[in-house]
Amino acid sequence: MKFYIKTFGCQMNVNESRKVAALLARKGHDHVDTPEEADLILINTCSVREKPEKKVLSLVGRLAPMGKMIGVMGCVAQQYGSELLEKNDEIKFVLGTQKLHRIGDILDDVMRDHKNLVDVNFVDAKESLEIFREPLIQTTCSAFVTIMQGCDNFCSYCIVPFVRGRERSRPSAEIISEIEGLAAKGVLEISLLGQNVNRYGLDRPHDLTFHDLLNKINAIKGLRRVRFITSQPASLGDDTMNLFGRLETLCESIHLPFQSGSDRILKLMGRGYTRGEYLEKIIKLRKRVPEIALSADVIVGFPGETEQDFNETLSLIREVRFDTLFSFIYTPRPFTRASDYPGQLDKDIKTERLQRLQAVQRAITLEKNRQQAGKIKSVLVEGKSKYPEGYLMGRTRDNRIVNFEPRGDVMAREVAVRIVEGFQNSLLGVMEEEPCI
Ligand code: SF4
């Protein structure tokens, strides 16, 4: 059977779709690039932002005339379960976040019995992480590796603990062996994934902590770069921060969502840190690596957010000067405490604040990218550049995109590039005579 996967949401979902694709390929099915070519369309969903169920159903509505078999998996599948089958006849099965490893069996059952199926039960930690044991069909120099799933923080606005379940860490031996396998296939960079990677291993008392895991990964032969996402600031300890600048593989960038610059709002969000504590961590990170690239998430228009609270968020952005910022408007999500909080703001206020915030950040990002001009950066070459023609595209260790004119075949290698100009979203460079490696 030919299958196509449409993925919504974060890198964790992207990685899970790749694992599902690898599992189906192992069972003899063919992964195709367009829904037109497919017999089966899988939709891997995300419910972190507003109206995800509507998005999925409208996509199913658009795909329906093609007459293909459709399966929905991931967070929306978990959240709505059998309701999805009731709302649309085209959906043949619904698979929850902890059941992706069952995709092959579910497909067999649906085809054999011609019955629609729903499997969204939460299972034990071992079974829920089974999909990650499937080896990736790796074709690039960079790969994701999920190290844990779920979250115990229950921030007041977040649906994740309800649709992904509680924190579960994969055994470290399994993670190390996966990364060794990837490195042996030529992967130079890995990004470790989890909702809160700093709490890796806390549910496995006889296994490694996150800090120990990073140390072990650093020793893997052939691996050049390690990143991790996401860190909840309250859980990011000195032990991990001290590894920056010490571990050769650990890239000089970190994503550290602050969500608000106001202590009052941070408390309502249940984030477990204050503005001052967040800023202290930034100072410590910059002491270790002065040029460390900082990215973060921020929410605008949380219930009860006043103009003063919002100004405190703006002042934090100006103080830290993030390299990149992902900004979102608050939307109430089911099951969450904040959806019942008083003081829900009008959409117009939230939109206006978001625009102001983005203007501040855009100026900072552009200025910081322009400051890269003249520097020589190590760039891991990922593919062809969209523009200019004939150029290649890669990423620096501090996570900036660089387009540059290549010398010879340097695809999937780390090369030295002199930056000539910085733009809003990327840098332009010239490759040096001598590659880095
Ligand atoms: S740390 Fe908070 S925002 Fe992040 S996944 Fe957990 S509950 Fe959601």
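Helices H8 and H9 cross in a right-handed way, where right-handed means that the near helix is turned clockwise from the far one by less than a right angle, and left-handed means anticlockwise. H8 covers residues 172-184 and H9 covers residues 210-218. Helices here are DSSP runs of H or I with at least four residues, strands are runs of E with at least two, and both are numbered from the N terminus. The model is predicted: local features need pLDDT of at least 70, side-chain atom pairs count only at pLDDT 80 or more, and totals for chains, interfaces and linings use all residues. Residues are numbered from 1 along each chain as its sequence is written, and side-chain values use heavy atoms, leaving out hydrogens and water.

How do you describe two packed helices? You give the angle between their axes and the distance between the axes. For H8 and H9, the angle is about 30 degrees and the axes are 11 Å apart. Axes are lines fitted to C-alpha atoms, for helices over the stretch in contact, with angles from 0 to 180 degrees between N-to-C directions. That makes H8 roughly parallel to H9 (under 35 degrees is roughly parallel, over 145 roughly antiparallel, 65 to 115 roughly perpendicular, and the rest oblique). The contact (heavy atoms within 4.5 Å) is made by Ser172, Ile175, Ile176 and Ile179 of H8 with Leu213, Lys216 and Ile217 of H9.

Now try another pair, H13 (residues 307-320) and H14. Their axes come within 10 Å and cross at roughly 10 degrees, so these two are also roughly parallel to each other. H13 passes H14 in a right-handed crossing. Among the residues in contact are Phe310 and Leu314 of H13, and Leu357 and Ile364 of H14.

Three strands form an open sheet in the order E12-E13-E14, with parallel pairing (two strands pair if DSSP finds at least two bridges between them). E12 (253-255) and E14 (324-329) are the edge strands, each with a single partner, so one side of each has no neighbour in the sheet. From one strand to the next, the twist averages 10 degrees. Six bridges join E13 (residues 293-300) to E14, and valine 298 stands opposite serine 327 in E14. Helix H14 (residues 347-370) packs on this sheet, touching E13 and E14, and its direction makes about 175 degrees with that of E14.
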